[in-house]
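Student: I would like to learn how to read a structure like this one, feature by feature. Could you show me the model and walk me through it?

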Amino acid sequence: MEFFNQITQYAISGLSTGAIYALIGLSFAIIFNSTGIINFAQGEFVMLGGVLAIVSITALHLPMPAAVAVAVVGTTAVGLAFERLAIRPLKNATPLSLIIVTIGASILIRGLVMLIWGKDTKALPPFSGDTPIEVAGATILPQHLWIFAVTLLVIVASRLFFHHTITGKAMRACSFNRRAASLVGIGVGRMVLLSFLISSALGALAGVIIAPLTMTAYDVGVMLGLKGFCAAIMGGMGSGFGTVLGGLILGVLESLGAGLISSGYKDAIAFFILLLILFVRPQGLFKKGETDRV
Amino acid sequence: MLRLSGIGKRFGGLTALQEISFRVAPASITGIIGPNGAGKTTLFNIATGIYPPTEGAVLLEGKDISALPPEKRARLGLVRTFQNIELFGKMTVLENVMVGLHTQTKSGIFACAFRMPWQLREERSIRERAKRWLDFVGIAELAGVEAGKLSFGKGRLLEIARALALDPKLLLMDEPAAGLNSKETQELAKLIKSIRDRGVTVALVEHDMDLVMEICDSLVVLNLGSMLAEGTPKEIQDNPAVVTAYLGEE
Amino acid sequence: MSPHRKLKPDSLNPDTPSSPQEKLKFLVFSLAVLAAPWPLAGGYLTNVLIFVGINSMLALGLNLLLGYAGQISLGQAAFFGLGAYGSGVLTTRFAMNPWLAMAVVAVSVAAFAFAVGFPVLRLKGHYLAMATLGVGVIAHIAFNETVDLTGGPSGLSGIPNLAVGSFQFDSDLKNYYLVWGFALVAVLLSLNLVDSRVGRALRAIHDSEVAARVMGVNARLLKVQVFALSALLSALAGSLYCHVMTFISPTSFSFHVSIELLTMVVIGGLGSVYGSILGALLLTLLPEMLRAFQDFDIVFYGLLLISMTIYLPGGLVRGIPALFRRLWPVRRSHA
C-alpha cells in the first residue's frame, strides 16, 4: 500500500509538470507550424513569465491576478520584439541562421534577466494557499489543481481558436501552405507575428503557473524549453492532443524515473526519450508515417 | 539502357504517376514531354532515386536499381541535371566540375588531410580533366568564378559539364532549355547532339517543342501521370490523342 | 544584364594551401604563434593564450562540421568533456601513460561519434540541433552523476602534467608550445582537407545535398566521417585541457560551452579555418579583458550571435577585408 501510494504521488506530480511541458510543447508547435522555426528561445519565455510574476509581487507589490497579467503581457511584448528585431530581418534565411539567431536571443534574454534580477532562485507564492488535499492516499497541492485547470482551459481555447475562428483558420492555412495562404489574401507576415504573440503568451503562462511549485531563476528556461520541445516532438509537432499527451507521458516517466531510479538522472530521461523518438519515429508517436515531397 | 517498368507514385492520396513503362535505347536522345503537372520531374526524381516509387521498378542495363540511393546510381552511370539548376553556388566553376569527378577519385579523409603523394597526383589529374570539360561546354574562361554568380545560361552549361564529368552512361536533363534565349537554345541543341555522339544516352524533359522535335530520336508523352503515347517525333506529331492533350478538346 | 559581362575570378575559399600565397600565410601564422609569448615574457597573457589554442581546436572541429558540411552540432562540449574526463580518469585512477591515454581516448571518442553519427546526422536542421544538444546534456549529466569515476560536481583533481622523458610540461610557457603545437598541426591538416576531394564534397553537401548525392557523393557517410573528425579534435583538445589544468569539473563541459563554441565559429567566419582561430582568440580574450563586467559576457554573446547572423553572416574573417575594401577601394585593372 505504501508503495502504491508512492506511485500515485509520483504520478500526480508527474502529471502536473507534464501539463506544463504540454503547454510549452504547444507554444513550440504554434511557431513551428506558422514559420518552420524551432524557437530555441521558447524556454526563455517560460522563465520570463515566472520571473516577471515574482518581480511584480515582491517589488511592485501587485496582487496575484495583476502579477500574472503583467508577466504574460510583458513576455508577449518581448516575444513580439524578438520577432520584429531578429526574425523578420532574416527573410529567406537558412535553417542554420534561424537556429543561431534564436539561440542568440535565448542567451541574450537569459543574460539580461540575470543582470537585472540576479542569479538567486525565487519562488512565487501559490495561487490559493498550500494546504494539501488528500486524494487516494496521495496529497495534491492546490497549485496542482490550478495547473490542470489552466492547461485544460488552454487546450479548449486553442481548439476553439484554431478551428472556429477566421484568424485561427488562417493560421492553420499558413501552416499547411504559406504560398497558397498568401495567394488567397492571408497576410503571412501578420500570421507569423501572431504566432509569436500566442506562443510567448502561452510560454509565459506556463512559467507563471509552475513557478510556485519548482522555484524559478534566470537559467530554468533551457531545461523547461527542451522538455517542452520533447513533448512537441512526441506529438509530432502538431498543436493538438498529441503534444498534450506527449507532455503528460514525459512528465510521468520523468517523475517515476526520478523517484524510483535516481533523481540525478531525472533530466537525462527526457533526453533519452527525445533522442529515441527522433531516431525511431521523427513523425511523432501518434501519427502515421508519410512520404515527404522533396 | 534504361527501362522503367510499371512505375507508380502516390503522395498521400494524390496519384502523381501510374503505370509508366518505357525504354530508353542506348546512344539515343529520348524526349519526355507533356503538359505541366504531367509528372515528368517526378519521374526523373524516381529514376535517380531522390524518392522511391510506390510501385514498379527502374532498370539500368538490365539491373534493377530501384532500391539504390542516388549516389550509387550515379556510380553506375546514371546522372541528371535539374530544372532550376542545382549548382554548388559558393564554390568556383572549376570546383563544381571537380565534384563531378568525385566518383572517379578515391582519396579518403586521411589521405586528403595529410596530402599523401597519390592524393596530390589525383588532384592534379582531376583539375586538368575538369578544365577539359569546361572547355567542352565552352565556359573554360569562367573557371575561377563563383558558380552562384553565373548567368542562367552559363549555369546550365556548367551543370552539364559537371554531369558529364561523371562519365555517365545515361544523362537525364530536366528542361535544359528553360530560361535560355533562342541563340543559347541553338547552341544547347548542338551540345546535346555532340554528347549523344560521344556515346552518352540522353533523356530529357522539355517544353520547347522545336528543340524536342529537332534533336530527339524518340518521344514519350505523359499526361496527368499516365503514358499517353510513345514513338518517333513524326508519329507523335500525328497522334490525335497528343494533339488533344496539348490543345484541349475541340 | 549583358551576356558579355566579364566576371573576375573569386578567391572563394580563403584557405587554399595549394597556392604559394597560402603557404606563406600559414608560415606567417605559425611564426606569429611561435613568437607570441616572447613580448608577453611568459606573463599572465601566455596563460590565456593556452586556452585560445585549446578553443581554436574546438572551434576548428565545429567549423569543419558546421561551416563546411553545413551540419550543426550543439553537443561539442560532450566530446570535449569525454576527452578531458577520459584522459583524466585513465591517468589518475588507472595510472595509464598520459600520451597513451590521449591516443586511446581520441580514437574511442571518434569511434563513439562515428557510431552515434549515423542516426544523429540523418536528422536535419532544427531536429539535428536538438538531437546534438540532447547528446551534450546527457553527457553533462553523466559527468555529474558518475561520482565514483569523475568525482561528480566537485571535480577530478591530481591529473598529471604531460611529460616527455623527464621533461615536464609544467609551466605556462611549456604548455603554450605544447597546445599550440597540436593546434598548428590541426590547422594545417584542416587547410589541406578543405581544399581536397573530401573538402569539396563537404562544401557541395552544404550547398545542395541532393545535387551532391546525384553527383555520386556519399553524403551520409561523409557527414558522419566529418562528425567523427570534429569529435576527435574536440577530444584531443579535452585531453590537453585536463593535463594543462590538472583539475577538471563538469561546468567546463556544459551546454554553455557548446554555445560559446558556436559563437566563436559564427563570429570568426563559418567555413573558414583561420576564422575559427580568430573567433577563438576574440571570445577567449574578451571575457578576460571584461573581467570587471563579469556577467556581461552572456548578454554580449547573445547580441553578437544575433547581429552577426543578420548583418555579417560571413563572419569577421570576411567582413574585415570587405570593410577595408570599402574604405580604401583599390583600382581594379581591366585585363
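Student: Leaving aside neighbours within four places in sequence, which residues is C:Leu60 in contact with?

Tutor: A list of contacts shows what surrounds a residue. This is a predicted model, and in it C:Leu60 is in contact with C:Ala186, C:Val187, C:Ser190, C:Leu233, C:Val273 and C:Ser276, once neighbours within four places in sequence are left aside. C:Leu60 itself belongs to helix 3 of chain C.

Student: Is C:Leu60 buried or exposed?

Tutor: The cut-off to keep in mind is that buried means under 20% relative accessible area. C:Leu60 has a relative accessible area of 2%, so it is buried.

Student: What does the side chain of C:Ser73 make a polar contact with?

Tutor: Its partner is the side chain of C:Gln76, at 2.8 Å. A polar atom of the C:Ser73 side chain also lies 3.2 Å from the backbone nitrogen of C:Gly75. Beyond the neighbours within four places in sequence, C:Ser73 is in contact with C:Leu62, C:Leu65, C:Thr132 and C:Phe227.

Student: Now the interface. How many residues does the contact take from chain B and from chain C?

Tutor: Start with the count, then turn to the area. Chain B gives 43 residues and chain C gives 36 residues. About 3,500 Å² is buried between chain B and chain C, and carbon and sulfur atoms give 61% of that area.

Student: How many salt bridges are counted between chain B and chain C?

Tutor: There are four salt bridges. One joins B:Glu123 and C:Arg200, with the closest N and O atoms 2.8 Å apart. Across the interface of chain B and chain C there are also twelve residue pairs in polar contact, both residues being at pLDDT 80 or more.

Student: Which elements give two or more residues to the side of chain B that touches chain C?

Tutor: They are helix 2 (70-75), strand 6 (78-81), helix 3 (93-100), helix 4 (109-113) and helix 5 (117-137) of chain B. The residues on that side of chain B divide into 19 nonpolar, eleven polar and 13 charged.

Student: Back to C:Arg200. Is it buried or exposed?

Tutor: C:Arg200 lies in helix 9 (residues 197-207) of chain C. Its relative accessibility is 1%, so C:Arg200 counts as buried. Leaving aside neighbours within four places in sequence, C:Arg200 is in contact with B:Met91, B:Glu95, B:Met98, B:Val99, B:Glu123, B:Ile126 and C:Val194.

Student: How do I read a sheet, and what order do the strands have in the open sheet of four strands in chain B?

Tutor: Strands of a sheet pair through backbone hydrogen bonds, either parallel or antiparallel. Here the order is 2-1-4-5, with antiparallel pairing. Strand 2 (14-24) and strand 5 (63-64) of chain B stand at the edges with a single partner strand each, so one side of each has no neighbour in the sheet. Within the sheet, strand 1 (residues 2-11) and strand 4 (residues 55-60) of chain B run antiparallel and are joined by five bridges. B:Leu2 stands opposite B:Leu60 in strand 4 of chain B.

Student: Which way do strand 3 and strand 9 of chain B run?

Tutor: Strand 3 (residues 29-33) and strand 9 (residues 218-223) of chain B run parallel, joined by four bridges. B:Ile32 stands opposite B:Val220 in strand 9 of chain B. Strand 9 also pairs with strand 10 (residues 226-231) of chain B, in the antiparallel sense over five bridges.

Student: How many residues lie between strand 9 and strand 10 of chain B in the hairpin?

Tutor: Two residues lie between them, and B:Leu224 in the turn has a positive phi of about 50°. B:Leu222 has B:Met227 in strand 10 of chain B as its bridge partner.

Conventions:
Residues numbered from 1 in each chain as written. Chains lettered and ligands numbered in written order. Predicted model: local features only at pLDDT ≥ 70, side-chain atom pairs only at ≥ 80, totals over all residues. Heavy atoms only, no water. Contact = heavy atoms within 4.5 Å. Buried area = accessible area lost by both parts, 1.4 Å probe. Salt bridge = Lys/Arg side-chain N within 4 Å of Asp/Glu carboxyl O. Polar contact = N/O pair within 3.5 Å; in protein donor to acceptor, adjacent residues only side chain to side chain. Nonpolar A, V, L, I, M, F, W, Y, C, P; charged D, E, K, R; others polar. Pairing = 2+ DSSP bridges. Buried < 20%, exposed > 50% of the residue type's maximum accessible area, 1.4 Å probe, protein only.
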